[in-house]
Amino acid sequence: MSAPPQIPGVVTRAHQLSRRRGFVSSCRNETGWLLASLAASRNGTLAESGTGCGVGSAWLRSGMRAGSRLVTAEHDSGLVEAVREMFAGDEPVDVLEADWKELAARAPFTLLFLDVREAKRAGPDLAAELVEPGGLVVLDDFTPCATWPPMYQGRVDATRQQWLLDPRFTTVEVMVAVDASVLIATRN
């Protein structure tokens, strides 16, 4: 994996928060570098569902262009408070105490990171309404698969298949590590 060895400061702070909170399901660095790169290609409002301890948000923020904004939604009030503190004074970042579906009030987005299981399983219907034409939807935490239909634990991976076949999106699966892949879907 080729990636700079130095992690952006905001990401380091998010990792520290995750360790203090015992939060183990944070965004992987391989996925993070991809998020930062995609954020750097976007203008406008970016969004994340499932803030957690803010690792994914920090990666998005590290790549964001000047003039862009980031809105992230988390339902756990304790995590929201901690992540707000971490981003204190960072005007372009808005941490909402809300269910991921409440992001609709801030749409359309130029990039939407679906980082919560329920949002991924909801499929492309709501995401299609949240993302502007040409906008990106990123879904992480997939296990790479070289077969069609895509399989996971001996069964067809219905979530992955649904995203790969939805005519409203052009979707690709990208391996970010030997044991991890990400779906990137561009809204047609």
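**Exercise 1. How do the axes of helix α2 and helix α3 cross, and at what angle?**

Step 1. Locate the helices. In this predicted model, α2 covers residues 29–39 and α3 covers residues 55–63. Helices are DSSP runs of H or I, at least four residues, and strands are runs of E, at least two, numbered from the N terminus. Residue numbers start from 1 along each chain as its sequence is written.

Step 2. Take the axes. They come within 7 Å and cross at roughly 40 degrees. Axes are lines fitted to C-alpha atoms over the stretch in contact, with angles from 0 to 180 degrees between N-to-C directions.

Step 3. Classify. The angle makes α2 oblique to α3. Under 35 degrees is roughly parallel, over 145 roughly antiparallel, 65 to 115 roughly perpendicular, and the rest oblique.

Step 4. List the contact (heavy atoms within 4.5 Å). α2 supplies Asn29, Gly32, Trp33, Leu35, Ala36 and Ala39. α3 supplies Gly56, Trp59, Leu60, Ser62 and Gly63.

**Exercise 2. Where does Arg168 lie, and is Arg168 buried, partly exposed or exposed?**

Step 1. Arg168 sits in the loop between α7 (158–165) and β8 (169–177).

Step 2. Judge accessibility. Arg168 counts as partly exposed because its relative accessibility is 27%. Buried means under 20% relative accessible area, exposed over 50%, partly exposed in between (1.4 Å probe, protein chains only).

**Exercise 3. Which residues beyond four places in sequence does Arg168 contact?**

Step 1. Leave out neighbours within four places; Pro124, Asp125, Ala128, Thr186, Arg187 and Asn188 remain.

Technical notes: Predicted model: local features only at pLDDT ≥ 70, side-chain atom pairs only at ≥ 80, totals over all residues. Heavy atoms only, no water.
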